[in-house]
Amino acid sequence: MKKILLWCCAFSMLFSMGCATRYFRYTTNLNTSGTWHIDQTGAFSSTSFISGTLDVPDDADILEVTIESLTLTPRVLAGHTASSVQAAANVTYPIFAGIGEETAPLFPSQTLSLGNGQSPPNALIQQGIERLKKLVIDFIRKGGFPPRTRVTLEGTVQGGRAVLEIDYSINASIKYGRCQEVLNSMSGGEECPEHGLGTGGPL
């Protein structure tokens, strides 16, 4: 009986506090990765389709998307004799409801570092980075990357045969906000913007 009375008192206190709708901001990360496979002399091209997982509420406002890093991790395999590998990367994505495709460069042609460990490309191309941001926004709003979205490594092998696997990793941070009902006694948050709940704006 005492326990029932205690629970009743607790619920009464909660209801008496009342609720308010407040706007809260969050940051989460999306990491997409894949592998390019190379077993070639001369010119080569290797493609990997982009995928990833992310949990952002449907009613969230996407406030900012930042591509934090793009890193490469090459693995030299048995049979590799090449003295160097030159390569560039691009991202290809569908347009016009999937009828056509466009390609944006990610990094320019450069000599790849084949040492052990993870390293970024020597330079990135802003056009490709901006396209990756838009693809991440599409991913959030549509629940996945558009079909056939892929990254391709293209280049040439010098001085022998290249036998490699190159892992790539693209890390993006997403800032989002959403209105939530909370107890009046809770601190934090802001006044909800005029567009209200469930719009999935403003980006």
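This is a predicted model: local features need pLDDT of at least 70, side-chain atom pairs count only at pLDDT 80 or more; totals for chains, interfaces and linings use all residues.
Figure 1. Relative accessible area is 32% for Arg75, 21% for Glu165 and 22% for Asp167. Because buried means under 20% and exposed over 50%, Arg75, Glu165 and Asp167 are partly exposed.

**Figure 2. Pairing of β2 with β5 around Arg75.** Strands β2 and β5 are antiparallel and pair over 14 bridges. Within this pairing, Glu165 in β5 is the bridge partner of Arg75.

**Figure 3. The salt bridge between Glu101 and Arg148.** The side chains of Glu101 and Arg148 meet at 3.1 Å, N to O. The pair links distant parts of the chain: Glu101 is in strand β4, and Arg148 is in the loop between α2 and β5, 47 residues apart. Glu101 is partly exposed at 35% relative accessibility, and Arg148 is partly exposed with a relative accessible area of 36%. Glu101 is also the bridge partner, in β4, of Pro94.

**Figure 4. Strand β3 and its partners β4 and β5.** Of the 12 residues of β3 (residues 84-95), 9 are buried, so the strand is largely enclosed by the rest of the structure. β3 runs antiparallel to β5 (residues 150-183), with 9 bridges joining them. Thr92 stands opposite Arg150 in β5, and Gln86 stands opposite Thr156. β3 also pairs with β4 (residues 100-111) in the antiparallel sense over 9 bridges.

**Figure 5. Antiparallel pairing of β1 with β5.** The two strands are joined by 30 bridges. Ser46 has Leu153 in β5 as its bridge partner.

**Figure 6. Helix α2 (residues 126-142).** The helix has 17 residues and reaches 24 Å from its first C-alpha to its last, close to the 24 Å expected at 1.5 Å a residue. Its buried residues include Leu132, Leu135, Val136 and Phe139. The buried residues of α2 pack against β1 (19-49), β2 (61-76), β3, β4 and β5. Gly143 follows the helix and has a positive phi, near 80°.

Definitions and conventions. Residues are numbered from 1 along each chain as its sequence is written. Side-chain values use heavy atoms; hydrogens and water are left out. Buried means under 20% relative accessible area, exposed over 50%, partly exposed in between (1.4 Å probe, protein chains only). Helices (H or I, at least four residues) and strands (E, at least two) are DSSP runs, numbered from the N terminus. Two strands pair if DSSP finds at least two bridges between them. The expected span of a helix is 1.5 Å times one less than its number of residues. Contact means heavy atoms within 4.5 Å. A salt bridge is a side-chain nitrogen of Lys or Arg within 4 Å of a carboxyl oxygen of Asp or Glu.
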